[in-house]
Structures are given as C-alpha cells and as structure tokens.
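Q: Hi, I'd like to go through a structure with you. Can you take my questions one at a time?

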Amino acid sequence: MTANWQPTASIETLRERARLIAGVRAFFAARGVLEVETPVLGQGGSTDVHLISLFSMARTDKGQRKLWLQTSPEFHMKRLLAAGSGPIFQLAKSFRDGEIGSRHNIEFTMLEWYRPGYSLAQLIDETTTLVASVLPSFVGPVVHYRYRELFHTYLALDPFTTSIDTLRVLAAERGQMSAYALADEGRDTCLDLLMSMVIEPMLGKNELSVVVDYPASQAALARRHQDADGEWVASRFELYLNGIELANGYDELIDAEEQRLRFSEDNADRRRLGLPEVDCDEQLLAALHHGMPESAGVALGLDRLIQLALGKTRLEEVLTFSTPNC
Amino acid sequence: MANYSTNEFKGGLKVMLDGDPCSIVENELVKPGKGQAFNRVKLRNLMTGRVGERTFKSGDSLEGADVMDLEMEYLYTDGDMWHFMKTDGSFEQYAVEKKALGDTEKWLKEQVPYIITLWNDKAISVTPPNFIELEVVETDPGLKGDTAQGGSKPATLSSGAVVRVPLFINQGEVLKIDTRSGDYVSRA
C-alpha cells in the first residue's frame, strides 16, 4: 500500500483559508493591534490538569533542557505586555497531546489577542465583531448567558449549590456515563460533563452565544469576582456557534503571588491524580512581579472558525495535513 | 487481554463493557472550553446487536475482548444446536446455540459459508453472506406473461424464510435473495 500523502484540505479550501486569515490580519491592523510572533517552545509549560503538554529535549547553552511546546501563546504574550507592547495579537501554532477528533487536532492554530485597559465586556464586543466579520453570512444576534442560568434552563439545577451526590447521579444519567466511573469525581467533572453533553449542543443556534460567570474553580488564568448573587465566579467568557466552542476570554490575572499559587495548586492536583508535574513558568511570574497592565485577553480556535465559515463538518478539511496524516 | 485507552478507540476495536463484548462504532472527543475532556463512544453490543452510546473520561481504558470472526460452512442441526465447520481445511467444528444464531436461522443452507463471531472461543453470532440462493418450496402458481407488472406475492424458501417475489415466480425455482433486507434480487 502506498502511504497517504494527500492533503486533508482541498487546494480550493486552502485558498479560502488564506483569504479569511488575510481578513483577520486586516481587522487587527485597522484597530492598531500589533501582530507578534513568540516562540513555540518555552522553559515553562501549562500546568492545567486537563491539558497534556508535549515537550522536546533540546541542546541549549545550559546543556540538555526540557522545552515545552506551548498549549497556547499566553505566557510569552503576557511577558510582552509586561514589557510595554500595548495591544498585541498572534496566529500561534499550539499543541495539546491526545486531542484528535472532528473539532480537535493535536497541532492547531490559535488566534490570541490581548487588550490592555479593556474590560471583559469590551473584549466580548470585539470578539463577536471579529467573528461576525469572518462569517459574513451570519446575521444572528449575540446572546449573553450566565453559566448558572444555563444549568437552570437545561437541567433545572443550580451548579453552585446542588449537592455533589445529586450532581453525580444527574451527570451519569444525562452524560451517559456509568455511575461507577463518576463515584470519585468532584463537582467540576460533573459540571464539565453536563456542559459538554447537554448544554453545549444547544448553544449558538442561529446566534452567537456568550457564556459568562463560570464557577470560581474554573477560573484557570482569569481573575475572580463576586457576581450579582454574591457567588464567587471566574471573570471569563466562552463563545459558541453551532454548538462549537470558539473562544475563551479572561479578565487576566496579573497578581504574581496569586498566579504562583494557582500553578502550585495545579501541580498538587497533578500529583494527586498521578499525572506528571509541569515546570511552572518562572519568567511569566517574574514578568507579573515586574508588573503587567490590567488587560483582557482571548484565545480563539482559528481552525474551528474557518471550519464554520466554510461549512465543513470536520476540522481536518481546513488543515493542510491533520495530525493523523502529518 | 490488553487494555485500550480512549485514544485507541477506533471503529472495529473489540472491548468489554458491563460484561459483554462490544465493537466500537464511533469515538468522538468532547471538551468544554476549559476542563475535563470526555470521549463520547458509540458501541455495538455483540451479544444483543444493539448499538448504544457511552461517555468516558479521556484517558480511561477498557479491557480488550477476545473476539474474532471466522468463516464456517453450515453442516446440520440436531434440534438443539446448529453445527458449523471451519473452511480453513482444519475440519474443526463449532456448535451454535439458537440465541447466537438469531435471525440467521431463516437463511441457513448447507455448505454455504457464514461468518461466525467467537468470543472466548464460543460462538455469539452468525452473519449470513449478503446474497444467498434458495429454492422456492411454496408459492401461488406463477402468472404467465405478467413479467412487466409490479405485483408481488409471498413465497416460502427452502430455509424457511418467507419473502415477497414477483408474480411470475414458480415453486421449485431457485432465487437470489439479499439477506440484509430480505428482498428478492433475481432468478439464480
């Protein structure tokens, strides 16, 4: 058998892809946002328990070093912000091991940008404007939802106050998972399962859905604040179209001590789960210590946006060579 | 058997789920923006033939199932069991229960090769060839000159199956039947 050498996207699709990317660059150029290129490799990796980082061993001036392949360009871009770059954007190759599917590819392109001085609301506005400009046929409204409200609507439960036992039973039933497999899982796994299996497929139908006020435990690298109900929530938003998650934005955490704490909490979770620890990014921490301006930032799956814009059913149809074919 | 992680779940992989051997039909990664990834998996239960969905945390694993498909010729039934013989020249025979035979009972014909699915060396299902030639043992007399018209009538075949056939077909004729749909294809 001859090896399958053909691209997974048609040449016609690649022309369309190039045209859409030129549009994205023009969008930011018109708004005075600087395009940057940061390294794919870094000495610190993502400690996020739910991401599997790839790394490579490099011969450096300090000898053999483990360098991590970025899961997003976040750390390097924040170092630029701390150095006074002003608003920046990047089309960055990013890597997440094990993620292959109709909406996932281990190596993918992230469109990430940062806006010093922007509120989360201003960044949401800019993000939806960009998405609408890439999808000219899209005329639907932008609709905002609170995380809590979505669980009330689709599952008749409160994600913050429902008991863990009730959450596990419901997650097993609605998520088609065995109760046994969920027996030791915490609130966030149950909520993630219900979000993925029940709520997400309902989002972004003839509209752009913006979800805000995630539980504080799901803040990742976002600040936390108290919402109108007095609940601690993450200052974070997610954008959905056609049931597909497109973008994840933060009111960025800029407190170096809080950032160090979250890194070490992640690594503590990693030890508890028997996962390898990841070197936390000391250079990011030093940059935050020096001072990063208050900023809002967002990461958008560019391949998914192109997939939606071109009406393709699988991500590989907009990639020159998908990971299984690389 | 080896264990397989969700990453390795591909169409056709045989795994154990809730004590039954299953064949993976589809596997899709689902993940909220941040947080736990899951695999939404469609599986066919090889004991019942039913297809169902199950969700797993990404990275979880299932035990492989010792399942294989072998070609065997149908020999005879003793009333309790149906006997088949491997076509690889080994003359090795397997006895199949009625439960495993299922709907294939009505498509049995001696010396025809069937696919027998074995789990831990025990037959759990029998798949007939897509097309089989069987003799009509009972039907209303054929209507001469009616070949153009679309009408049909029931006919009982030598295997016991009853199929709809064109009006011109007579008792004693051998017909080609599609076992997947149970439809008449042509005279053999």
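Q: Where is the place of B:Lys34?
A: B:Lys34 is in the loop between β3 (20–30) and β4 (38–45) of chain B. Strands here are DSSP runs of E with at least two residues, helices are runs of H or I with at least four, and both are numbered from the N terminus. This is a predicted model, where local features need pLDDT of at least 70, side-chain atom pairs count only at pLDDT 80 or more, and totals for chains, interfaces and linings use all residues. Residues are numbered from 1 along each chain as its sequence is written, while chains are lettered from A and ligands numbered from 1 in the order in which they are written.

Q: Is B:Lys34 buried or exposed?
A: B:Lys34 counts as buried, because it has 21 C-beta neighbours inside 10 Å. The cut-off for buried is 20 or more other C-beta atoms within 10 Å; exposed is 12 or fewer, partly exposed is in between, and C-beta atoms are placed from the backbone.

Q: What is B:Lys34 in contact with?
A: Leaving aside neighbours within four places in sequence, B:Lys34 is in contact with A:His50, A:Gln218, A:Ala220 and A:Asn248. Contact means C-beta atoms, placed from the backbone, within 7 Å.

Q: And how many residues of chain A are in contact with chain B?
A: 24 residues of chain A are in contact with 18 residues of chain B. On the chain A side, α7(A) gives the most, with seven residues.

Q: New topic. Which residues of helix α9 of chain A are buried?
A: In α9 (residues 282–290) they are A:Leu284, A:Ala287 and A:Leu288. Seen down the axis of α9(A), they fall within an arc of 100°, so they line one face of the helix. That arc is taken from the directions from the helix axis to the C-beta atoms.

Q: What covers them?
A: The cover includes α2 (74–82) and α8 (256–272) of chain A. The face turned away from the buried side of α9(A) carries the exposed residues A:Glu282, A:Ala286 and A:His290.

Q: Back to chain B. How many helices and strands does chain B have?
A: Chain B has one helix and 16 strands. Its radius of gyration is 22 Å, well over the 16 Å that the globule rule gives for 188 residues, so chain B is more spread out than a compact globule. The radius is taken over C-alpha atoms, and the rule is 2.2 Å times the number of residues to the power 0.38.

Terms used. Contact = placed C-beta atoms within 7 Å.
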